[in-house]
Amino acid sequence: MSDYDVAVVGASIAGCTAATFLARTGAKVALIESHSDPKTFKRMCTHLIQSSASPTIERLGLRGAIEEAGAQPNDINIWTRYGWISFNREWAAPPMSDHPAWNIRRETFDPMLRELAANTEGVDLMLGHTATSLMYDGAAANPPLRAGGASARVSGVVVRERDGSERELRVRVVVAADGRDSGIAKLAGEPTKLKQNNRFGYFAHYRETPLVTGSSAQMWLLDPDIAYGFPTDGGMTLLACMPHKDRIPEFKDDPEQAMVRLFERLPDAPRLDPAKRESKLMGKLDMPNATRRPTRPGLALVGDAAIAADPVWGVGCGWALQSAEWLADVVSPALRGSEADVDGALEEYARRHHKGLAGHEKLCSAYSSGRRFNPMEKLLYRGAARDRELACRMARMGGRWITPQQLLTPGTLGRILRVNLARSKRPTGLRTAPRPTTASMTTVSTGG
């Protein structure tokens, strides 16, 4: 008899989401978190949640709560030298038209998710506990091998409390939800595939720094440098830049002043005033893309533990929510069956994970090399700046509703060529709007 059905290691976005969904179906879940403070949150994050993850938030029952907390619903406005690609989700068909992307700070969102999980019947939130080793077929050990060289099945986890005492938790599945440097993946001997990221990043939250687009984000693709601004909860605006590593010497002595100079040169950009900064200036010089296989017998990886992609595209929070939901949906029914049933469900999760995210990960990794726009990107960006339908299709892929392969259909390729060849097509311009108040949460177009 197992102590729990599932042990989830890491009580952040992915872990809390997985634990909540699993427990709602009757599973008994140990939610293990090394931090003892229930309000702890991830600081190195730009806090965007892609629109494709909005249905997961709604299924969790948190849409009203995040709106009340001041989360900003937004569309995206992307500038390239070909003009603004300004998208309104109302142009899209359902379900995209019904689900905005969200900007909410992790200091607001993480405790909210943790409280939801802790209050879900069947979840045992174990704060101040650290996973120290995995168990295989009932024993704590290094990953042993079965006959024929196959890895033995993970069957539990050993956790250490603050006082140094340890406890063995026997479970049907261990879920690694402990981030890009996953300790569980290391304990399991799971290899990590790293791909170089030739950009570095800095960001901070500023007060009284509205965007001309209201609650909608702005992103500047400077080929190869990148900058963006996101209005978020608390009346704050997150401003960030991710330049090519060739510019590290320029940022080394005073990164915020280097950001000021960068934003001064951006079209339609807010003024970055260091006197209005409310958070620490956060930075990271090395952000390699990390991928791991998402399952093995008895073990599943969710969120950044499976894929930690280039943060330029703001996919981390959304993928954490979605991968946790996918895992719970396939594993929950299997927990009533045999080990073979559970491991079959884990294989199904791996297929779903690959189908949904592999193409996006490859695209993110390819662009993180710091290369310049390729010919297809030039045609796409130029076309989307002149054609609402292309802007919509690009937004569907950028919001992760469709894969890159689904974007570049023969029909879309034909439209890209027609728009680029049409002399009458001109850039549509930026859709500007007054920034909504926290109470109204509305966006009013003023043209553009």
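**Rings, charges and strands**

Tutor: The count comes to 10 aromatic pairs. Rings of Phe, Tyr and Trp (its six-membered ring) pair if their centres lie within 6.5 Å; planes under 30 degrees apart count as stacked, over 60 as edge-to-face and the rest as tilted. One of the pairs is Tyr-367 with Phe-373, which is stacked, at 6.5 Å centre to centre and 20° between the planes. This is a predicted model: local features need pLDDT of at least 70, side-chain atom pairs count only at pLDDT 80 or more, and totals for chains, interfaces and linings use all residues. Residues are numbered from 1 along each chain as its sequence is written, and side-chain values use heavy atoms, with hydrogens and water left out.

Student: Is Tyr-367 buried or exposed?

Tutor: Buried means under 20% relative accessible area, exposed over 50%, partly exposed in between (1.4 Å probe, protein chains only). Tyr-367 has 2% relative accessibility, so it counts as buried. Phe-373, at 5%, is buried too.

Student: Which residues do ring pairs link into a cluster?

Tutor: Trp-313, Tyr-367, Phe-373 and Tyr-381.

Student: Where does the charged end of Arg-352 sit?

Tutor: A charge sits over a ring if NZ of Lys or CZ of Arg is within 6 Å of the ring centre and within 35 degrees of the ring normal. Arg-352 has its charged end over the ring of Trp-326, 4.0 Å from the centre. Lys-28 lies over the face of Tyr-4, 5.3 Å from the ring centre.

Student: What is the order of the open sheet?

Tutor: Strands of a sheet pair through backbone hydrogen bonds, either parallel or antiparallel. Here three strands run in the order β3-β7-β4, with antiparallel pairing. β3 (48-49) and β4 (72-74) are at the edges with a single partner strand each, so one side of each is left without a neighbour in the sheet. Strands (E, at least two residues) are DSSP runs, numbered from the N terminus, and two strands pair if DSSP finds at least two bridges between them. Two bridges join β3 to β7 (residues 101-103). Ile-49 stands opposite Trp-102 in β7.

How values were computed. Helix = DSSP H or I, 4+ residues; strand = E, 2+ residues; numbered from the N terminus.
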